[in-house]
Amino acid sequence: METTSSSRVGAQTAEAAAPAPAAEPAQDPQTAPQQTQQPQPQQPPQDATAPVPAARRTAEGYLRADFPWYGLDGAFSGPRWLMQVGTGADGTVEHGSTGHGDEPSARGEIATGEKERFAVVVTVASNPLRRSGDGTGVLEATSVSSAAWLAGSGLLAYSWPGQMDHSLRNDWLDQQTEAAWELADDLGGEDWSTLSLPVDGEPTPFHYRESEFGWVLAGSTRGGVHLGAYGRGMSAYGLGFSVIADLGAYE
């Protein structure tokens with residue numbers, strides 16, 4: 001099986017939140033439990049990959065990362081916006097997402113009647129086998145499947161099947177997120193095809209799949225990180241990726 005236990009790193013996320021009032025000390029967003037060698041399956045929060053309010057988006061969390069961030073290359077001329085970073089128990093930044101195009105919502109076209117056009121790029125640090133923060137176990141390496149699962153669950157966070165009652169969506173989301181995990185664990189399966197896209201100008205192979213809710217892809221870069229991406233209303237076939245030189249373009 002290509003994926004390892006820590007490839008579900010997306011289950012723990014943290015965001016760069018604004019300082020809390022003095023009367024209510026801010027909680028540390030970097031205290032999410034870190035997975036050990038035999039973790040219990042966990043589902044990510046529904047908004048794990050959702051953008052935070054514009055007033056709270058800062059590059060602070062992204063700047064703490066020791067790996068390069070990726071986004072769409074210069075051929076994309078639309079809006080760009082920050083989303084969230086995910087950290088381990090020791091505060092190490094492990095992954096994060098950047099958005100391009102329209103800022104999506106879960107209800108999307110159902111609520112507005114307008115077709116959203118967006119693409120989100122997920123950057124995942126390539127981590128070798130290492131000890132857990134509490135010293136009680138071993139965290140296995142991340143892989144392309146880590147990026148595939150983060151992208152798949154991210155797309156689901158912005159999906160709302162037509163005619164579905166609000167009270168049923170949580171159950172649907174749990175089921176579909178688990179299905180996204182199983183798909184990410186089988187990148188060689190028939191649900192995936194191969195797509196070549198430029199990364200820093202170099203043709204790079206990606207695993208690619210489509211669904212009624214949009215598309216998902218995942219691959220690795222020569223820069224030592226795994227890339228995932230998902231979107232809707234924008235064709236994946238014309239996209240290219242590159243290292244983000246200036247995070248200010250996303251604020």
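Trainee: Starting with the strands: two of them pair if DSSP finds at least two bridges between them. How many bridges join β7 to β8?

Mentor: Seven. This is a predicted model, and in it strand β7 (residues 193-199) and strand β8 (residues 202-211) run antiparallel.

Trainee: Which residue in β8 does Thr194 stand opposite?

Mentor: His207.

Trainee: And what do β7 and β8 form?

Mentor: A hairpin, with two residues between the strands. Asp200 is in the turn, and its phi is positive, about 55 degrees, although Asp200 is not a glycine.

Trainee: Is Asp200 buried, partly exposed or exposed?

Mentor: Asp200 has a relative accessibility of 40%, so it counts as partly exposed.

Trainee: Changing topic. How many salt bridges are there?

Mentor: The count comes to one salt bridge. The partners are Arg232 and Glu116, and their closest N and O atoms are 3.5 Å apart.

Trainee: Where do the two sit in the chain?

Mentor: In distant parts of it, 116 residues apart. Arg232 belongs to strand β10 (residues 225-232), while Glu116 is in the loop between α2 (108-112) and β4 (118-125).

Trainee: Buried or exposed, that pair?

Mentor: Arg232 and Glu116 are both buried.

Trainee: Now the core. Which residues touch the most other members of the largest nonpolar one?

Mentor: Trp69, Leu72, Trp215, Leu217, Tyr230 and Phe241, out of 55 residues in that core. Helix α3 (residues 144-157) supplies the largest share, eight residues.

Trainee: Take Leu72. What does Leu72 touch, sequence neighbours aside?

Mentor: Not counting residues up to four places away in sequence, Leu72 touches Arg80, His100, Ala119, Val121, Met234, Leu239, Gly240, Phe241, Ser242 and Tyr250.

Trainee: I also flagged Thr98. Where is Thr98?

Mentor: In strand β3 (residues 93-101).

Trainee: Why does Thr98 count as buried?

Mentor: Because its relative accessible area is 1%, and buried means under 20%.

Trainee: What does the side chain of Thr98 reach?

Mentor: The backbone oxygen of Tyr70, at 3.3 Å.

Trainee: And which residues is Thr98 in contact with, beyond four places in sequence?

Mentor: Tyr62, Tyr70, Gly71, Trp81, Leu82, Met83, Ala119, Val120, Val121, Ile244 and Tyr250. Ala119, Val121 and Tyr250 are also among the residues touched by Leu72.

Methods:
Residues are numbered from 1 along each chain as its sequence is written. This is a predicted model: local features need pLDDT of at least 70, side-chain atom pairs count only at pLDDT 80 or more; totals for chains, interfaces and linings use all residues. Side-chain values use heavy atoms; hydrogens and water are left out. A nonpolar core is a set of buried Ala, Val, Leu, Ile, Met, Phe, Trp, Tyr and Cys residues joined through side-chain atoms within 4.5 Å. Buried means under 20% relative accessible area, exposed over 50%, partly exposed in between (1.4 Å probe, protein chains only). Helices (H or I, at least four residues) and strands (E, at least two) are DSSP runs, numbered from the N terminus. Contact means heavy atoms within 4.5 Å. A salt bridge is a side-chain nitrogen of Lys or Arg within 4 Å of a carboxyl oxygen of Asp or Glu. A polar contact is a pair of N or O atoms within 3.5 Å; within protein, one must be able to donate a hydrogen and the other to accept it, and residues adjacent in sequence count only if both atoms are side-chain atoms.
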